[in-house]
Amino acid sequence: MSNATTVITNLTNTSSLIPDNVGIVTNATNIVKNLTNISALSSGITETPHLIDVIFNPFWIIQSLFILIFAYIVVWLLDLALKILSEQLGTKRHILAMVIPVMKIFLYIGAIYLIITPLLHLGLTEFAVFSGIMGAGLGLGLKDLFADIVAGFIIIIEKPYQIGDKIQVGNDYGEVVDIGLVQTIIITPGDSRVSIPNYAAISNSVSSANAGSAEMMVITDLYISYDSDISEAIRLLSEAVITSRYVYVSDTRPYTILVENLPLFRKITAKAYVNDLRHEFIFKTDITKRAWEAYQIAGIKAPDISAGGYCLSSSPLI
Amino acid sequence: MEDDHPLSCPPPTNDLWSNEIDILMKAIDEGLSGKSRHIAIISEYLAGKEDLATKIECGYSGRTARIRLESFVDDISVLSNLPEKDIYIIENCHFLAQRKINGFHIFRQFIDLVSQNNQIWVTTWNIHSWRYLSAVQGIGSSFPVQIIIPQKNYEKLREFILSQHTSSVFYVIDTPVPRRLIMVRKNLIYEIPFSHDTYSMMIYSIRFRLIWAILRGKSHEIEPDELIFQRLAQISNGNPGIALHIWEKSLDAWEIRMSAMSPPSLNGVMDPDTVYVLSLLLSLETVSIQDLDSVIPEGIYLTMILSHLEAKKIIHIKNNRVSIEPIAFAGITNELKKIRMVW
């Protein structure tokens, strides 16, 4: 009977606080306290800590900060150690590198769990209120951050790319060096460090050139005139490919030479895998340089670009 | 090229290659009875392909012609004008192809020659060259019988090495035992039920006694001979020829010390140019400097790299020919495989 009276009193207090313009924080505090009392009374629990008491408890704040800093240092150290170890594996480095983002997520989840554990001791109603406040916060200001974190989980689970892959997101192309909770970091061929929000990475189309392998296909185009010996040009280009010190050929990683007749010249394309994606550009340069040296000796000519455009000087168009 | 060499047949008791010899002899007998049986014997440097070639020469005396290639071949007539015999043994066939543009014409002529010929062609290849040529030229289809000489475990190596040395040897563990020795690589062979095939699997087992001894600082008390041979197996990658070379070089009168079996450091030699030179040396085994120079791309300073490698005791140069020091062999092979410079 007395419990019911207290509930009514509390409800009355709650309603009486609403039109009062003392201050929105004070009101919110009182509302939470009253709701806590209601939930405690209705469930028969003698005493649970107040939400505000927990959140504004200096010990909880210091503890949370300490946990976050500790988690950050552990993540940083493990990240560094795993990256060094993965580099020791040469072309198998992706195997270890894919553990890094998973490790990060687990450690940060653990840290968050430790931080919110005191809140979990609150009553159900209080927790609902806390969740509501958090939801409002996310809805208003932290929406993008939350979207990036969720996207980070999706990237780790779905693996559209991994650390070590060469990816293209929008206009940015480079090697993925880190997948964080919020952003993915790539290093471009020009050695620039680009941070891509995780949400942008999953909401846009992402092309991964190697998809978790060390090798990746490199496409090299050469242009020759129509009066050049095409068979010899194909042979020389294939030999330039297979004798490159950066090439990787296997049953599942074959090389291909394609020829395309264009109006004013022929395009010969070599598609071959580089042994390590970090040699992508040097591989392409190596093929182009040596193929052209061989072409010059064999009398295979580039299209003549005299007369202000691509045209042939010595042979009719076929 | 070398075709006049004294024939010394290995003793029949040496059964290090018994499985391979059985396959080889069976294939040759089938070939002699009319089936097309061209054979490729494939192994690492010094791993035993020469022994198998000698075994054939001894087993089919008078019916074989044997040629050992020592440098790149620039004229196929060396191989097309062989005396009329039933079996041709061509050693070091990796010298038929050069890894450069226009470097495969002799190799293709050789494949044509082998395909059009009724004799049995027994060829030996370096394993890295073979894998490369299989990938880029599809060489495997020309040689239906391929015998890849496997790595040997330390028990086999021990048996093989001790069979060469009849005198007593003292084993001395005079340096801290390398931590890597706590893991021992073993080759388990299973016979697949209802078939005559076997399946071999490499496993690692942990030596808890050694871990305990290391922790107590008493690792030298753990069977020194066992540790020495395990170390030998490790730094030779299970290659008997390499292991024997290291053994002979480390043996001081009647004593062998762990400290004498330290491979040279590879620090400072893993730059792209040096690595490529090393990959060619692994693939060509022993090669003249001129031949090596002919396949080196422009921009690589071969003389400088060779002198640097020689100073670090990673290669040795003798009579203008270069080869990798046996003690550095396993380390280089493992590093180069890791970065896919050899396949």
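Reply: Axes are lines fitted to C-alpha atoms, for helices over the stretch in contact, and angles run from 0 to 180 degrees between N-to-C directions. Helices (H or I, at least four residues) and strands (E, at least two) are DSSP runs, numbered from the N terminus. This is a predicted model, in which local features need pLDDT of at least 70, side-chain atom pairs count only at pLDDT 80 or more, and totals for chains, interfaces and linings use all residues. Residues are numbered from 1 along each chain as its sequence is written, chains are lettered from A and ligands numbered from 1 in the order in which they are written, and side-chain values use heavy atoms, with hydrogens and water left out.

Me: At roughly what angle do the axes of α10 and α11 of chain A cross?

Reply: Helix α10(A) covers residues 230-242 and helix α11(A) residues 280-298. Their axes come within 9 Å, and the angle at which they cross is roughly 145°.

Me: Which strands of chain B stand at the edges of the open sheet?

Reply: Three strands form this sheet in the order β11-β13-β12, with antiparallel pairing (two strands pair if DSSP finds at least two bridges between them). A strand with a single partner has one side left without a neighbour in the sheet, so the edge strands of chain B are β11 (286-288) and β12 (315-318).

Me: Which residue of β13(B) stands opposite Ser288(B)?

Reply: Strand β13 of chain B, residues 321-324, runs antiparallel to β11(B), and three bridges join them. The residue opposite Ser288(B) is Arg321(B).
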